Amino acid sequence: MVRSGLGLLLEAEDGIEVVAEAGDIDSALRAVLGHKPDVLVLDLNMPGTQTSLEALGLVRERSAGTATVVLTMQEDPEYARRALRAGALGYVLKEAADAELVEAVRRAADGRTYLAPSLGARLAATPEEPAGPPDDLSVREVEVLRLIALGHTNAEIGEQLFLSVRTVETHRAHVQQKVGRSTRAELVRYALDHRLLDTD
(Lines give C-alpha, C1' and ligand atoms only; values in the text may rest on other atoms or scores of the structure.)
Protein backbone atom coordinates (compact mmCIF):
# COMPACT_ATOMS: atom_id res chain seq x y z
CA MET A 1 0.00 0.00 0.00
CA VAL A 2 2.86 2.37 0.82
CA ARG A 3 4.59 1.56 -2.45
CA SER A 4 1.40 2.13 -4.43
CA GLY A 5 0.79 5.41 -2.63
CA LEU A 6 4.27 6.68 -3.41
CA GLY A 7 3.87 5.56 -7.01
CA LEU A 8 0.69 7.64 -7.32
CA LEU A 9 2.48 10.59 -5.72
CA LEU A 10 5.25 10.42 -8.30
CA GLU A 11 2.93 9.78 -11.25
CA ALA A 12 0.98 12.93 -10.39
CA GLU A 13 4.10 15.03 -11.09
CA ASP A 14 4.82 16.48 -14.52
CA GLY A 15 7.74 14.79 -16.22
CA ILE A 16 7.79 11.73 -13.93
CA GLU A 17 6.64 8.29 -15.02
CA VAL A 18 6.71 5.17 -12.86
CA VAL A 19 7.83 2.37 -15.17
CA ALA A 20 7.91 -0.51 -12.67
CA GLU A 21 7.44 -1.53 -9.03
CA ALA A 22 9.02 -4.33 -7.03
CA GLY A 23 8.53 -5.84 -3.60
CA ASP A 24 12.00 -7.32 -3.10
CA ILE A 25 15.62 -6.72 -4.08
CA ASP A 26 15.78 -9.43 -6.73
CA SER A 27 12.66 -8.15 -8.52
CA ALA A 28 13.93 -4.59 -8.24
CA LEU A 29 17.24 -5.49 -9.90
CA ARG A 30 15.43 -7.30 -12.72
CA ALA A 31 13.21 -4.26 -13.23
CA VAL A 32 16.21 -1.93 -13.33
CA LEU A 33 17.98 -4.08 -15.91
CA GLY A 34 14.80 -4.36 -17.97
CA HIS A 35 13.77 -0.71 -17.94
CA LYS A 36 17.05 1.18 -17.28
CA PRO A 37 15.17 3.94 -15.42
CA ASP A 38 16.63 7.38 -14.81
CA VAL A 39 15.94 7.00 -11.08
CA LEU A 40 15.45 4.03 -8.78
CA VAL A 41 13.68 4.57 -5.44
CA LEU A 42 15.00 1.82 -3.18
CA ASP A 43 13.81 0.87 0.29
CA LEU A 44 16.85 0.40 2.52
CA ASN A 45 15.24 -2.62 4.22
CA MET A 46 13.83 -4.56 1.28
CA PRO A 47 13.90 -8.36 1.51
CA GLY A 48 16.03 -10.32 -0.92
CA THR A 49 19.10 -12.47 -1.42
CA GLN A 50 21.24 -9.34 -1.13
CA THR A 51 21.04 -6.24 1.03
CA SER A 52 19.86 -2.93 -0.38
CA LEU A 53 23.39 -1.54 -0.03
CA GLU A 54 24.78 -4.44 -2.06
CA ALA A 55 22.08 -3.82 -4.65
CA LEU A 56 23.21 -0.21 -4.93
CA GLY A 57 26.61 -1.39 -6.08
CA LEU A 58 25.07 -3.70 -8.67
CA VAL A 59 22.88 -0.91 -10.02
CA ARG A 60 25.98 1.26 -10.45
CA GLU A 61 27.73 -1.54 -12.34
CA ARG A 62 24.87 -2.75 -14.52
CA SER A 63 22.81 0.39 -15.12
CA ALA A 64 25.23 3.29 -14.80
CA GLY A 65 22.64 5.79 -16.02
CA THR A 66 20.30 5.00 -13.13
CA ALA A 67 20.51 7.26 -10.09
CA THR A 68 19.26 5.85 -6.79
CA VAL A 69 17.20 7.49 -4.05
CA VAL A 70 17.10 5.53 -0.81
CA LEU A 71 13.87 5.53 1.18
CA THR A 72 14.21 4.49 4.80
CA MET A 73 13.10 4.79 8.41
CA GLN A 74 16.75 4.88 9.54
CA GLU A 75 17.58 8.28 11.03
CA ASP A 76 21.09 7.26 12.06
CA PRO A 77 23.60 9.42 10.13
CA GLU A 78 25.85 6.39 9.71
CA TYR A 79 23.20 4.70 7.54
CA ALA A 80 23.10 7.82 5.37
CA ARG A 81 26.89 7.71 5.04
CA ARG A 82 26.81 4.07 4.00
CA ALA A 83 24.05 4.62 1.45
CA LEU A 84 25.79 7.62 -0.12
CA ARG A 85 29.11 5.78 -0.21
CA ALA A 86 27.40 2.84 -1.90
CA GLY A 87 26.23 5.16 -4.66
CA ALA A 88 22.87 6.64 -3.62
CA LEU A 89 22.25 10.25 -4.61
CA GLY A 90 19.23 10.68 -2.36
CA TYR A 91 18.39 9.73 1.22
CA VAL A 92 14.76 10.29 2.24
CA LEU A 93 13.09 9.36 5.52
CA LYS A 94 9.78 7.54 5.09
CA GLU A 95 8.04 9.82 7.55
CA ALA A 96 8.75 12.76 5.24
CA ALA A 97 8.37 10.95 1.91
CA ASP A 98 5.20 12.80 0.94
CA ALA A 99 7.01 16.13 1.19
CA GLU A 100 10.53 15.18 0.08
CA LEU A 101 10.50 12.23 -2.31
CA VAL A 102 9.56 14.19 -5.44
CA GLU A 103 12.33 16.72 -4.84
CA ALA A 104 14.83 13.92 -4.18
CA VAL A 105 13.85 12.13 -7.41
CA ARG A 106 14.12 15.31 -9.47
CA ARG A 107 17.54 16.10 -8.02
CA ALA A 108 18.79 12.57 -8.58
CA ALA A 109 17.60 12.69 -12.20
CA ASP A 110 19.77 15.80 -12.62
CA GLY A 111 22.76 14.12 -10.96
CA ARG A 112 22.37 16.15 -7.78
CA THR A 113 22.34 14.98 -4.18
CA TYR A 114 19.39 15.10 -1.77
CA LEU A 115 19.82 14.42 1.93
CA ALA A 116 16.92 14.54 4.38
CA PRO A 117 17.23 18.02 6.00
CA SER A 118 16.92 16.60 9.50
CA LEU A 119 20.03 14.49 8.86
CA GLY A 120 22.30 17.12 7.34
CA ALA A 121 23.29 18.78 10.61
CA ARG A 122 23.57 15.44 12.42
CA LEU A 123 25.82 14.06 9.69
CA ALA A 124 28.15 17.00 10.16
CA ALA A 125 27.95 16.76 13.96
CA THR A 126 28.96 13.08 14.14
CA PRO A 127 32.32 12.98 12.38
CA GLU A 128 34.46 9.92 11.91
CA GLU A 129 38.20 10.10 12.32
CA PRO A 130 39.38 13.37 10.81
CA ALA A 131 41.30 13.26 7.57
CA GLY A 132 43.32 16.00 5.96
CA PRO A 133 42.77 17.28 2.42
CA PRO A 134 43.66 14.44 0.00
CA ASP A 135 45.27 14.62 -3.43
CA ASP A 136 46.90 17.98 -2.78
CA LEU A 137 43.57 19.82 -2.68
CA SER A 138 43.72 23.36 -1.35
CA VAL A 139 41.47 24.51 1.48
CA ARG A 140 39.31 26.43 -1.02
CA GLU A 141 39.07 23.41 -3.32
CA VAL A 142 37.91 21.27 -0.39
CA GLU A 143 35.23 23.87 0.39
CA VAL A 144 34.04 23.83 -3.21
CA LEU A 145 34.08 20.02 -3.32
CA ARG A 146 32.06 19.76 -0.11
CA LEU A 147 29.40 22.14 -1.42
CA ILE A 148 29.24 20.28 -4.75
CA ALA A 149 28.75 17.02 -2.85
CA LEU A 150 25.96 18.60 -0.81
CA GLY A 151 24.08 19.38 -4.01
CA HIS A 152 24.76 23.10 -4.47
CA THR A 153 24.99 24.69 -7.91
CA ASN A 154 28.02 26.73 -9.00
CA ALA A 155 26.02 29.92 -8.47
CA GLU A 156 25.00 28.87 -4.94
CA ILE A 157 28.61 27.95 -4.12
CA GLY A 158 29.74 31.35 -5.37
CA GLU A 159 27.22 33.09 -3.11
CA GLN A 160 28.27 31.10 -0.05
CA LEU A 161 32.00 31.55 -0.61
CA PHE A 162 31.77 35.10 -2.07
CA LEU A 163 33.29 33.98 -5.37
CA SER A 164 32.29 34.55 -8.97
CA VAL A 165 30.72 31.65 -10.85
CA ARG A 166 33.74 31.62 -13.16
CA THR A 167 36.09 31.24 -10.17
CA VAL A 168 33.94 28.40 -8.80
CA GLU A 169 34.06 26.69 -12.19
CA THR A 170 37.86 27.01 -12.18
CA HIS A 171 38.12 25.50 -8.70
CA ARG A 172 35.76 22.72 -9.75
CA ALA A 173 37.86 21.92 -12.81
CA HIS A 174 41.00 21.77 -10.64
CA VAL A 175 39.24 19.46 -8.17
CA GLN A 176 38.07 17.14 -10.94
CA GLN A 177 41.56 17.00 -12.40
CA LYS A 178 43.27 16.35 -9.06
CA VAL A 179 40.89 13.63 -7.84
CA GLY A 180 40.28 12.04 -11.23
CA ARG A 181 36.50 12.29 -10.97
CA SER A 182 34.13 14.14 -13.29
CA THR A 183 30.45 13.51 -12.48
CA ARG A 184 28.67 14.84 -9.42
CA ALA A 185 27.93 11.31 -8.20
CA GLU A 186 31.64 10.44 -8.37
CA LEU A 187 32.55 13.63 -6.50
CA VAL A 188 29.95 12.82 -3.81
CA ARG A 189 31.43 9.37 -3.31
CA TYR A 190 34.95 10.82 -3.25
CA ALA A 191 33.98 13.41 -0.62
CA LEU A 192 32.37 10.73 1.52
CA ASP A 193 35.23 8.29 1.15
CA HIS A 194 37.66 11.00 2.29
CA ARG A 195 35.35 12.18 5.10
CA LEU A 196 35.08 15.68 3.73
CA LEU A 197 31.42 15.97 4.75
CA ASP A 198 31.98 15.08 8.38
CA THR A 199 32.70 18.58 9.69
CA ASP A 200 30.77 21.79 9.25
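I began with the contacts of Asn154: leaving aside neighbours within four places in sequence, Asn154 touches Val165, Val168, Glu169 and Arg172, where contact means heavy atoms within 4.5 Å. The model is predicted, so I kept in mind that local features need pLDDT of at least 70 and side-chain atom pairs pLDDT 80 or more, while totals for chains, interfaces and linings use all residues. Numbering runs from 1 along each chain as its sequence is written, and side-chain values use heavy atoms, with hydrogens and water left out.

I placed Asn154 in helix 8 (residues 154-161); helices (H or I, at least four residues) and strands (E, at least two) are DSSP runs numbered from the N terminus. Asn154 counts as buried at 19% relative accessibility, buried being under 20% relative accessible area, exposed over 50% and partly exposed in between (1.4 Å probe, protein chains only). I also noted a polar contact of 3.3 Å between the side chains of Asn154 and Arg172. For that term I used N or O atoms within 3.5 Å, one able to donate a hydrogen and the other to accept it within protein, with sequence-adjacent residues counting only if both atoms are side-chain atoms.

Next came Leu101, which I found in helix 5 (residues 97-109). Leu101 is buried, with a relative accessible area of 0%. Not counting residues up to four places away in sequence, Leu101 touches Leu6, Leu10, Val41, Val69, Val92 and Ala96.

Last, I checked strand 1 (residues 39-43): 4 of its 5 residues are buried, so the strand is largely enclosed by the rest of the structure.
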